[in-house]
Amino acid sequence: LRRLLPPAHRTDTEQAAEFRRLTEHTLRSRKAANISTAMAALSESLPGESLGEGGQESSGHEPDVPVKLALDPDQARALTMALTDIRLILGERLQMRTEEDSERLHEEFALALRGEGGMDAATAQQMAYYDFLTWVQESLTEAMLG
């Protein structure tokens, strides 16, 4: 939460607390709305839901079949902001707090992809998610600017 809702002042704790009191509810609501909008937009892009084996919901979508994602400007902004928050959470879990941390983790991840080094599987998976979400966010940002 410290990464998602950082203090407004690093040195004045009273002012930081007052700012938090005045803004935290709105900020949390906005972040939740961004995630809801993003999830709805992503869900809408998949083929219709149907019941699969055992009564479980199944999209009927094969992973190797491309899906076209069309977003309106509000959905694109919401998805971009939601991706920022998700990447912040993953970065915190990976203890990626400085540029040096990022470089070290990416070097270790590259070694792990080659079957070398000592990165555990859970960390490697989180790094894969982080890199993929970074690529998605960059691609979306470029599309919004283009």
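1. Pro 6 lies in the segment before α1, where helices (H or I, at least four residues) and strands (E, at least two) are DSSP runs numbered from the N terminus. Setting aside residues up to four places away in sequence, Pro 6 touches Leu 1 and Arg 20; contact here means heavy atoms within 4.5 Å. Between Pro 6 and Arg 20 the C-alpha to C-alpha distance is 9.0 Å, with 14 residues separating them in sequence.

2. On the basis of the model: this is a predicted model, in which local features need pLDDT of at least 70, side-chain atom pairs count only at pLDDT 80 or more, and totals for chains, interfaces and linings use all residues. Residues are numbered from 1 along each chain as its sequence is written, and side-chain values use heavy atoms, with hydrogens and water left out.

3. On confidence: pLDDT is the predictor's confidence in each residue, from 0 to 100. The protein chain has a mean pLDDT of 86, and 90% of its residues reach 70 or more. Across residues 50-56 the pLDDT is below 50, and this stretch has 7 contacts in the model beyond near neighbours in sequence.

4. On the overall arrangement: the protein chain contains 4 helices and 2 strands, and from the N terminus on its elements follow the order α-β-β-α-α-α. Of contacts in the protein chain between residues at least 6 apart in sequence, 55% join residues at least 24 apart. Buried residues account for 23% of the 146 residues in the protein chain; buried means under 20% relative accessible area, exposed over 50%, and partly exposed in between (1.4 Å probe, protein chains only).

5. With residues up to four places away in sequence not counted, Asn 34 touches Ala 78, Met 81 and Ala 82. Asp 85 belongs to helix α2 and is buried, since its relative accessible area is 7%. Leaving aside neighbours within four places in sequence, Asp 85 is in contact with Leu 4 and Lys 31.

6. On Arg 77: this residue is found in helix α2 and is classed as partly exposed because its relative accessible area is 40%. Arg 77 and Thr 141 are 64 residues apart in sequence, with 8.7 Å between their C-alpha atoms.

7. On the largest pocket: about 560 Å³ of space lies in it. On a 1 Å grid over the protein atoms alone, a pocket is an open set of points where a 1.4 Å probe fits, with protein on both sides within 12 Å along at least five of seven lines; lining residues have an atom within 4 Å of a point. Grid points are joined across faces, edges and corners, and the volume is the space filled by probe spheres set on the points. The lining comprises 26 residues, of which Leu 42, Leu 69, Leu 79, Leu 83 and Val 136 are the closest to the centre of the pocket.

8. Which elements give two or more residues to the lining of the largest pocket? They are α1 (13-45), α2 (73-93) and α4 (121-145), and α4 gives the most, with 9 residues. By class, this lining has 23 nonpolar, 3 polar and no charged residues. Ala, Val, Leu, Ile, Met, Phe, Trp, Tyr, Cys and Pro count as nonpolar, Asp, Glu, Lys and Arg as charged, and the others, Gly among them, as polar.

9. On the largest nonpolar core: a nonpolar core is a set of buried Ala, Val, Leu, Ile, Met, Phe, Trp, Tyr and Cys residues joined through side-chain atoms within 4.5 Å. The largest one has 16 residues, and Leu 94, Met 96, Leu 105, Met 119 and Met 127 touch the most other members. At least two residues of this core come from each of α2, α3 and α4. Leu 94 touches Leu 105, Thr 123, Gln 126, Met 127 and Tyr 130, residues up to four places away in sequence not being counted.

10. On Phe 109: helix α3 holds this residue, which is buried, with a relative accessible area of 8%. Beyond residues up to four places away in sequence, Phe 109 touches Met 119, Ala 124, Met 127, Ala 128 and Asp 131. Phe 109 and Ala 124 are 15 residues apart in sequence and 6.1 Å apart in space, C-alpha to C-alpha.

11. Most residues other than glycine have a negative phi.
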